[in-house]
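User: I have a model open and would like to go through it with you. Could we begin with the ligand site?
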Amino acid sequence: MAGRLMDRSDWMIPDGVSYLNHGSFGPTPKVVHQVREEWSRRLASQPMRAYLREVEPALQSALERLAGFIGTSASNLAFVDNATFAMNAVAATVRLQPGDEVLLNDHEYGAVFRIWRAAAEAAGASVVTAVLPRPLTSPAEVVSALEERITPRTRLLVVSHVTSPTAIVLPVDEICRMANRHNVPVCIDGPHAIGMRPLNLDSLGCDFYCASLHKWLSAPLGSGFLYVSRDWQNSVVCPIVSWGRSLAGRPPVWQDVFRWIGTRDPAAFLAVPAAIEFLESFGIERFRDQTHELLRDGLTRLEAEFGAKALVPVSREWLGSMATVTLPSSNRSAKPYLTDPLQTALADDDSIEIPVVWWHEDRHIRLSCHLHTTVDDLDRLIAALRELLPKFP
Ligand SMILES: Cc1ncc(COP(=O)(O)O)c(C=O)c1O
């Protein structure tokens, strides 16, 4: 099976659609979706048998499979719905005190800012935002921009492994080493890194790692995990309170507060091993190479056609399978909460799904390449932008 070919016939993407946005929502491959559906059917047909006797051991083996893929042990992981849930759990666990600071940076995800602003406000603490240099040319610059904002009041450093608006791979190993020197715990926001980047959680040395698995791993929508280092496992808090113990009567573990958060369908978690197998059957390094090469091709063409430059040097150090480029733009719409009209036109007129992102007052487009992406998708994107950019300057 190793090294088999994959293309869009492995997905359910409708004909005529160029899906260039794994960065927001990854479409689920057919084989992964089948496993999810099979579990949902089992639950629907005999819920008592499924919940009390089947799901717990199956979840444990799914967690073990995931743990092996990301370099840790299942005893450090809990399945959660998504990165947002995981980050909320971290915010509930790290009990901020008045005057404390939580350090983020200007590339972090908007909802993550909201989570920490809410936690800080409730505690009389504050969110500090480090501004990373522009352009970025060396990982050491990232580390020092963060280090400069650490103070004796810094209670936690929250940093993306791969950033959302700017699609940049941040040097998380070096960041963790720096933060450890200052005794500042680190929470990594990692949904883009799973599958896209090598990850060994045991050697990384972070305190928490939050991820959704639907993006690059192509696991079902609604699957994610929270990694908690040993030091925090006894004090971890789940934002939803339920029984907090195993339904099947197994001895307690710290993950119990996450395992049962009321009656729900855990099929998405149970299909995570199928997603890992899907990528591994193609070859994980081969996936990274192929998607990165296609991305480079796209970036070269976007720059040649529209002068749209990448935000970082185009290399494996800074970019995986996704990149953000700056587009020529006039002013942002007066209604910033609306989807940019260029993004809407690309979807409506040309069936191209790609996000147009406003970041630091500039308009950008973020290109994601996966195994179903082809040169034809890039051709269609370039042709559509040629037509639409003059209409949406
Ligand atoms: C960096 C980052 N963090 C967190 C999230 C939240 O992920 P989810 O909506 O799956 O919880 C996203 C989603 O795009 C993201 O890009």
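Analyst: A residue is counted as near a molecule if its C-beta atom, placed from the backbone, lies within 6 Å of it. Please note that this is a predicted model.

User: Which residues come nearest to the ligand?
Analyst: Asn82, Thr84, Tyr109, Ser164 and Ser212 come nearest, out of 13 residues around the ligand.

User: What is the make-up of that shell by class?
Analyst: The shell around the ligand has seven polar, five nonpolar and one charged residues.

User: Changing topic: where is the kink in helix 2?
Analyst: Helix 2 spans residues 47-69, and its kink of about 50° lies at glutamate 54, shortly before proline 57.

User: Which residues of helix 2 are buried, and what do they pack against?
Analyst: The buried residues are Ala50, Val55, Ala62, Leu63, Leu66 and Phe69. They pack against helix 1 (30-45), helix 10 (267-270) and helix 11 (272-282), and also against strand 2 (77-80) and strand 8 (224-228).

User: What follows helix 2?
Analyst: Glycine 71 follows helix 2, and its phi is positive, near 70°.

User: Is tryptophan 39 buried or exposed, and why?
Analyst: Tryptophan 39, which is found in helix 1, is buried because 23 other C-beta atoms lie within 10 Å, and the cut-off for buried is 20 or more.

User: What is it in contact with?
Analyst: Leaving aside neighbours within four places in sequence, tryptophan 39 is in contact with Ala267, Leu270 and Ala271.

User: How far apart are tryptophan 39 and tryptophan 359?
Analyst: They are 320 residues apart in sequence and 40 Å apart in space, C-alpha to C-alpha.

Definitions and conventions. Residues numbered from 1 in each chain as written. Predicted model: local features only at pLDDT ≥ 70, side-chain atom pairs only at ≥ 80, totals over all residues. Bend = angle between axes of the 7 residues up to and from the residue. Helix = DSSP H or I, 4+ residues; strand = E, 2+ residues; numbered from the N terminus. Buried ≥ 20, exposed ≤ 12 C-beta atoms within 10 Å, placed from the backbone. Contact = placed C-beta atoms within 7 Å. Nonpolar A, V, L, I, M, F, W, Y, C, P; charged D, E, K, R; others polar.
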